[in-house]
Amino acid sequence: MKENFKLIATAAAGIEALVGRELRDLGIDCRVENGRAYFNGDMRTIAKTNLWLRCADRVKIIVGEFEAKTFEELFQGVFTLDWDNYLPLDAAFPVAGKSVRSTLYAVSDVQAITKKAIAKRLQEIYHRPENVPLPETGALYQLEVSILKDKVTVTLDTTGDSLFKRGYRVSKGGAPIKENMAAAIIMLTNWYPDKPFYDPTCGSGTFCIEAALKGMNIAPGFNREFACEAWDWFNSESFDEVRDEAEGLANYDVKLDILGCDIDGRMIEVAKHNAEEAGLSDVITFKQMRLEDFTTTKENGVIVSNPPYGDRLLTEEEVTKIYQAMGKVYRPLSTWSKYILTSDLNFEKKYGERATKKRKLYNGALRVDLYQYWGKRAKKSEKSLINAEK
Ligand code: SAH
């Protein structure tokens with residue numbers, strides 16, 4: 001049985017450095033390169049990273065890396081990898097592929113050759129005749145062959161459904177943000193569990209739920225399973241151990257002040273339902289309210305919002321009105337920090353203030369900016385006086 005694996009955590013463009021930070025926070029050394037975080041570890045590391053990484057998409061095992069400029073080199077390279085350590089006789093092993101700036105550019109051929117090389121090797125390992133196809137009736141071992149500048153990397157996905165699927169989102173609205181993107185944005189803010197958190201356009205409640213999970217140190221993958229748990233060689237105790245450990249690390253007593261609002265009452269029902277699924281019903285307040293109607297006497301809060309963009313649902317004029325209203329309501333909250341995610345390049349003009357900082361991100365395929373307005377910090381004495389009144 002293999003003791004040590006070369007691993008990759010994949011992430012959306014622009015947030016790989018945050019995944020690097022998360023890995024280091026878990027006590028795992030890593031290197032961030034080409035949009036991925038590289039690290040080493042055993043099965044426990046695989047279990048732990050799947051359970052805890054809030055910003056990543058997947059955790060993959062690097063089965064092998066080699067150079068190939070011809071199909072013969074590709075075939076031989078794949079064939080000689082130690083497949084006996086990974087794939088049982090009945091493994092279902094689909095091969096996904098990609099090729100960037102490489103001699104072997106025909107992806108479907110690259111996939112087919114890889115599949116053929118693995119099948120041939122497995123037939124040899126398990127003493128099966130070459131003319132009888134392998135059964136592929138067992139657990140899923142999703143593979144990927146990716147070629148970058150003639151360097152081939154063959155990986156095996158340990159995660160299954162992408163890590164953004166936490167298991168709590170039973171329903172969503174029209175334009176939900178992915179859970180791992182929401183978690184990444186929260187990591188980019190200056191929010192700490194002692195500060196008020198407010199999402200004025202909360203939709204299905206993703207930002208609020210992710211903030212609560214982080215604030216209580218609840219492992220994001222606590223409610224779900226991972227592909228490698230179905231593998232016969234994968235030590236199931238690793239998952240038992242990290243799940244037990246996560247149970248002990250969660251801090252359910254921390255007092256959080258998290259509010260999510262939306263103009264649409266149906267979305268508030270959805271958000272409440274999702275929070276309940278995550279076990280956070282008593283932790284987050286959701287209420288139907290227009291962002292225009294928000295008032296507060298609290299200080300040092302953090303607003304995170306993913307307001308409507310101009311799209312098929314809203315006209316440019318309607319969007320402008322919403323952004324103007326945001327400026328009117330939030331600008332005066334000088335000690336609050338505001339983080340607004342939108343694809344609208346004229347957001348600052350409409351909001352009426354230049355952002356302290358902007359950060360380019362991708363919400364799925366859509367290029368967006370996170371407009372950041374940093375609040376002035378209220379003095380401690382003022383803050384405790386004001387927040388004591390609430
Ligand atoms: N981040 C959310 C999606 C937000 S989509 C999620 O993950 O699900 C934008 C939301 O803004 C929609 O749900 C819409 O109902 C809400 N909205 C639009 N205009 C609003 C207004 N004036 N006040 C409050 N919410 C508004």
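Biologist: Why is Cys208 called buried?

Modeller: The model is a predicted one, and in it Cys208 has a relative accessible area of 0%. Buried means under 20%, so Cys208 counts as buried.

Biologist: What about Cys261: in a disulfide or in no disulfide?

Modeller: Cys261 is in no disulfide. Its nearest cysteine sulfur, that of Cys202, is 6.6 Å away, and the limit is 2.5 Å. By this rule the count of disulfides comes to 0.

Biologist: Why does Cys261 count as buried?

Modeller: Its relative accessibility is 1%. The cut-off for buried is under 20%, so Cys261 counts as buried.

Biologist: What makes strand β1 largely enclosed by the rest of the structure?

Modeller: Strand β1 covers residues 5-10, and 5 of its 6 residues are buried, so the strand is largely enclosed.

Biologist: How do you know that β1 and β3 are paired strands?

Modeller: Pairing takes at least two bridges between two strands. There are 6 bridges joining β1 to β3, so the two strands pair. They run antiparallel. One of the bridges sets Lys6 against its partner Asn40 in β3.

Biologist: Which residues lie nearest the centre of the largest pocket?

Modeller: They are Thr201, Asp262, Asn306, Pro307 and Pro308, out of 33 lining residues. Two elements give two or more residues to that lining, α6 (206-215) and α9 (316-330). The largest share, 3 residues, comes from α9. The volume of the largest pocket is about 910 Å³.

Biologist: How do the lining residues of the largest pocket divide by type?

Modeller: There are 16 nonpolar, 8 polar and 9 charged residues. Pro counts as nonpolar and Asp as charged.

Biologist: What is the volume of the second largest pocket?

Modeller: It is about 460 Å³. The second largest pocket is lined by 18 residues, and those closest to its centre are Asn34, Arg36, Tyr38, Ser146 and Leu148. The elements giving two or more residues to this lining include β3 (36-41) and β6 (143-148). By type, the lining has 5 nonpolar, 6 polar and 7 charged residues.

Notes. Residues are numbered from 1 along each chain as its sequence is written. This is a predicted model: local features need pLDDT of at least 70, side-chain atom pairs count only at pLDDT 80 or more; totals for chains, interfaces and linings use all residues. Side-chain values use heavy atoms; hydrogens and water are left out. On a 1 Å grid over the protein atoms alone, a cavity is a set of points where a 1.4 Å probe fits but cannot get out, and a pocket is an open set with protein on both sides within 12 Å along at least five of seven lines; lining residues have an atom within 4 Å of a point. Grid points are joined across faces, edges and corners, and a volume is the space filled by probe spheres set on the points. Helices (H or I, at least four residues) and strands (E, at least two) are DSSP runs, numbered from the N terminus. Buried means under 20% relative accessible area, exposed over 50%, partly exposed in between (1.4 Å probe, protein chains only).
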